[in-house]
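Student: I have a model open. Show me how to read its features.

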Amino acid sequence: MAKHIAVLPCDGAGKEVVPEAIKVLRAAGADFEFEEFDVNADAYLRTGVPIPDDIWSQVEKADAILFGAVGDPRVNDTGYLAGVLLRLRFELDLYVNLRPAKLYDDRLSPLRKLERRKVDLLIVRENTEGLYVGIGGRFKKGTDHEVAIQEDLNTYTGVTRILEHAFKVAKTEVVMIDKSNAMTFAGGLWQDRWKAVAAKHPKVKTRHLLVDAAAMQLVRDPTQFDVIVTGNLFGDILSDLTAELVGGMGIAPSGNINPETRRGLFEPVHGTAPDIAGKGLVNPIGAILSASMMVRHLGHTEMADAIEGAVESAIRAGECTRDLGGNLSTGECGDSVAKRLRD
C-alpha cells in the first residue's frame with residue numbers, strides 16, 4: 001500500500017515551501033498519498049483550536065507528517081504554537097530531533113579557511129523534555145515583585161534513549177554537550193547516563209564538551225564533529241549555528257522521530273519568515289531536504305540519495321534563491337531540483 005503522508009503547511013513560508021517539497025517527491029517517483037489538513041493561524045483565529053480532534057485522529061495515524069512552519073504575527077499567545085508543533089512532538093513522543101548540517105558548496109560557508117569547510121555533521125537533540133515542557137509559572141505578574149520560574153525537566157529514560165540513538169547513528173564519534181558545571185542536577189543525570197551508555201559502545205570515540213566550549217569549537221573547526229547529542233535547549237541553539245555554517249536557515253532540514261513506533265514529522269528549520277513570505281523569495285531547499293529525510297525514514301534510501309544529489313547539483317549550478325547567491329523564485333528553485341530528478 002502507498003504510504004499516507006499528512007501534509008501540514010500551516011503558516012507563512014510553510015505554505016510556499018511544502019508544495020515544492022511535494023513537487024520534488026513526485027519527480028523522484030514517490031508513490032505516496034498526500035493529504036493536506038487545515039491547521040493554520042486562520043483556522044485557529046476562527047475556532048480557537050490549534051488542531052481539532054477529527055484532524056488529530058487522522059494525523060496521528062499517518063505514516064509520516066510533512067510540516068511547514070507554524071506562527072503568525074496576528075497570534076500573540078503561545079497556545080497556538082504549543083497546541084500544534086509541541087503537541088505533535090510531545091504526544092506522538094517524537095523524542096529524537098535530527099538536524100543535519102552539510103556543506104554542499106564552498107561558496108556558502110562563512111569560514112575563512114578552505115580546509116575547515118568540509119562540514120557534514122548531525123545534531124541529535126532531545127525533543128520532549130528540558131525547558132520546553134512548559135513547567136513553571138509567573139507569580140505577581142506585571143508588578144515590580146514578579147517572579148518567573150521555568151523548570152528544566154530531565155528523566156532517566158529520556159536522557160538514556162537519546163544518548164542510545166546518538167550512538168546508533170554515529171559513524172566515528174559522539175560528542176555529548178551539556179552545562180554540567182553550572183546545571184549540576186540536570187547535568188549530573190546527563191553525566192551519569194553518558195558514562196553508562198558510552199561504556200556500552202567501546203568502538204565509538206566519545207568526547208564531552210560544555211556548551212560554551214562547543215559553540216567555540218563549532219566556529220573554529222566544524223569538520224571535527226560527526227554526531228553531537230544534547231538536550232532540547234542547547235540542541236535548538238547549536239543547530240541554528242551549524243545551519244549558518246553551511247549556508248543559512250533556508251537550507252536547514254530536520255526530522256522529529258520515534259525510532260520504536262516509526263512515527264516521524266519532518267520540517268524545515270527556518271520558521272514562517274513573515275517578512276518575506278508570499279513574495280516568492282523563500283528558499284524551499286530546507287523543506288526539500290526534510291522531505292528527503294522523510295523518505296529515508298520510510299525506507300527509500302536510494303530516493304533520498306537522489307533528492308539530496310539533485311539539491312547539491314542545483315546549488316553548485318547557482319540555480320537557487322537569492323539567499324544562496326542565485327536569482328530564482330521559490331517555485332523556480334523547486335523546478336530546478338525536480339528537473340534533475342526527471343532527466
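Tutor: Start with elements: helices (H or I, at least four residues) and strands (E, at least two) are DSSP runs, numbered from the N terminus. Here, Asn283 sits in the loop between strand E12 (264-268) and helix H9 (285-297). Residues are numbered from 1 along each chain as its sequence is written. The model is predicted: local features need pLDDT of at least 70, side-chain atom pairs count only at pLDDT 80 or more, totals for chains, interfaces and linings use all residues, and side-chain values use heavy atoms, without hydrogens and water.

Student: Is Asn283 buried or exposed?

Tutor: Buried means under 20% relative accessible area, exposed over 50%, partly exposed in between (1.4 Å probe, protein chains only). Asn283 is buried, at 4%.

Student: What does the side chain of Asn283 reach?

Tutor: A polar contact is a pair of N or O atoms within 3.5 Å; within protein, one must be able to donate a hydrogen and the other to accept it, and residues adjacent in sequence count only if both atoms are side-chain atoms. The Asn283 side chain reaches the backbone nitrogen of Ile285 at 2.9 Å. It also makes a polar contact with the side chain of Thr321 (3.3 Å).

Student: Which residues in the largest nonpolar core touch the most other members?

Tutor: A nonpolar core is a set of buried Ala, Val, Leu, Ile, Met, Phe, Trp, Tyr and Cys residues joined through side-chain atoms within 4.5 Å. The largest has 81 residues; Ile5, Leu25, Leu66, Val124, Leu163, Val229 and Met294 touch the most other members. A second, separate core of 23 residues includes Ala41 and Val75.

Student: Where is Phe139?

Tutor: Phe139 lies in strand E6 (residues 136-139). Phe139 is exposed, at 54% relative accessible area.
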